[in-house]
Amino acid sequence: MWRKAVYVVAAFGSCLLPAACAGPVPDDGAYRHAALQTSMAMVSDLASGQLAAQLGLRGSSFPAFTDGNVTDAENDADSVNSTFSSRQPPDAGSGALRQKMLQALSDGTSALTDLRVAVRMQDRTQEQKALAEVGTSLQTFNDLQQELQ
């Protein structure tokens with residue numbers, strides 16, 4: 001009985017795996033739309049991590065709450081980064097946008113990683129530095145959104 005249950009779960013899980021991957025992008029317009037959606041998701045993740053850390057620095061939240069929220073923001077940003085990175089640009093013209101997005105995604109994810117490390121170490125100076133990195137990444141993604149709209 002258990003053996004059947006394991007096979008069913010394994011079969012169902014393998015069906016979900018392809019759904020986690022990004023699909024093909026047919027043209028430049030669709031690629032730009034995917035980049036816009038990605039930048040919106042990253043703004044959300046960056047802002048969530050930023051807010052949690054700011055509340056922690058002010059003493060308005062418990063350290064575990066701050067850590068959990070910053071870690072969640074980092075994990076979500078990493079997922080957004082991975083999803084966009086798996087998309088192949090449809091033409092050579094989209095290659096420049098891809099490089100710009102990949103750099104911004106890498107910088108944003110790295111900023112959230114630095115923030116998580118600083119929060120866990122309870123190093124206020126490093127938290128402030130990491131918050132500045134997060135702010136820079138937020139500005140980058142806001143600029144990208146303006147270009148893509």
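This is a predicted model: local features need pLDDT of at least 70, side-chain atom pairs count only at pLDDT 80 or more; totals for chains, interfaces and linings use all residues.

Visitor: What is the order of elements from the N terminus on?

Guide: Happy to start there! The protein has five helices and zero strands. From the N terminus on, its elements therefore read, by runs numbered from that end, as α-α-α-α-α.

Visitor: What share of the 149 residues of the protein counts as buried?
Guide: Here a residue is buried when its relative accessible area is under 20%. Applied to the 149 residues of the protein, that cut-off gives 34%.

Visitor: Which residues have the most contacts inside the largest nonpolar core?
Guide: This core has 31 residues. At least two residues of the core come from each of α2 (28-58), α3 (63-85), α4 (93-121) and α5 (124-148). In soluble globular proteins, nonpolar side chains tend to be buried together. The residues with the most contacts inside the core are Met 101, Leu 115 and Phe 141.

Visitor: Which residues does Met 101 touch, not counting those up to four places away in sequence?
Guide: A touch here needs heavy atoms within 4.5 Å. With residues up to four places away in sequence left out, the partners of Met 101 are Ala 35, Thr 38, Ser 39, Phe 84, Phe 141 and Leu 144.

Visitor: Which helices do the buried residues of α3 pack against?
Guide: Good one to trace in the view! The buried residues of α3 include Val 70, Ala 77 and Phe 84. Phe 84 is also one of the residues that Met 101 touches. The helices that the buried residues of α3 pack against are α2 and α4.

Note on methods:
Residues are numbered from 1 along each chain as its sequence is written. Side-chain values use heavy atoms; hydrogens and water are left out. Helices (H or I, at least four residues) and strands (E, at least two) are DSSP runs, numbered from the N terminus. Buried means under 20% relative accessible area, exposed over 50%, partly exposed in between (1.4 Å probe, protein chains only). A nonpolar core is a set of buried Ala, Val, Leu, Ile, Met, Phe, Trp, Tyr and Cys residues joined through side-chain atoms within 4.5 Å.
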